[in-house]
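Please work through the two exercises below with the model open beside the text, and try each task before reading its solution.

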Amino acid sequence: MAGPSTQFWQEKFTSGQTPWDRGSAHPQLQLWLAAGLIPPQAQVLVPGCGRGHELVALGQAGIAALGLDYTPAAVELARANLGALPGRVELADVLQWQSPAPQDIVYEQTCLCALHPDHWQRYAQQIHRWLKPGGLLLALFMQARRESAEQGVVEGPPYHCDINAMRALFPSELWDWPAPPYTAQGHERGWAELAVVLRKR
Ligand SMILES: C[S@@+](CC[C@H](N)C(=O)[O-])C[C@H]1O[C@@H](n2cnc3c(N)ncnc32)[C@H](O)[C@@H]1O
């Protein structure tokens, strides 16, 4: 398998080297919640949930989301973080997991950019299968372009989620795209994430 393994992520979590982690829920999730995009009864999936800050924010809003992660340490931390709040966490590989029921919303934050681009097609197909028609993909596309990209080097994680690549990965035949420009949410590590809401046709 190209890219990081579950062992790579396990070591990140057990050593506490998780530079992507804001220590709290992503500000864009709070904006999407405030905008009423995530109704209380919605079936919400959070792939690659890590420590689960977003599950906690959703749980606090009364939304019982399902977090997926294939790294045991992440699952343990997310379950501890979630505590008695609504929601749950499953140990699962997002490239293999099958949804028992159609999802209303997939919240994609730093899972795509954690996967080597060789796996992006598979992951995009998975998201498409999980969602019901009309379901929403709330995406934060990581902008982390490196100079080595000019020589064709694929470097990550985080792997740069170029908007042109995203258009190819989530094609307009399958997804309704809002018109740009999109909000860019900055990260203290110098990255930014483009907030885009896609609707499955
Ligand atoms: C960069 S971290 C982001 C965690 C969380 N989304 C956040 O923003 O704090 C990427 C996460 O995706 C998980 N992950 C990577 N590949 C995965 C896969 N194939 N299946 C499930 N989880 C995966 C890792 O274990 C890790 O928790």
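The exercises that follow treat the ligand site and then a group of aromatic rings.

This is a predicted model, in which local features need pLDDT of at least 70, side-chain atom pairs count only at pLDDT 80 or more, and totals for chains, interfaces and linings use all residues. Residues are numbered from 1 along each chain as its sequence is written, and side-chain values use heavy atoms, with hydrogens and water left out.

**Exercise 1.** Describe the shell of the ligand and the polar contacts made there.

Next, take the polar contacts (pairs of N or O atoms within 3.5 Å). A polar side-chain atom of Thr-71 lies 2.6 Å from a ligand oxygen, while a ligand nitrogen is 2.9 Å from a side-chain N or O atom of Asp-93. For Val-94, a backbone N or O atom lies 2.9 Å from a nitrogen atom of the ligand. Of the 590 Å² of accessible area (Shrake-Rupley, 1.4 Å probe) that the ligand has on its own, the protein covers 97%.

**Exercise 2.** Classify the ring pair of Trp-177 and Tyr-182.

*Solution.* First, the structure holds 10 aromatic pairs (ring centres within 6.5 Å; planes under 30 degrees apart are stacked, over 60 edge-to-face, the rest tilted). The centres of Trp-177 and Tyr-182 are 6.4 Å apart with planes at 45°, so this pair is tilted.

Methods:
Polar contact = N/O pair within 3.5 Å; in protein donor to acceptor, adjacent residues only side chain to side chain. Phe/Tyr/Trp six-rings, centres within 6.5 Å; stacked < 30°, edge-to-face > 60°.
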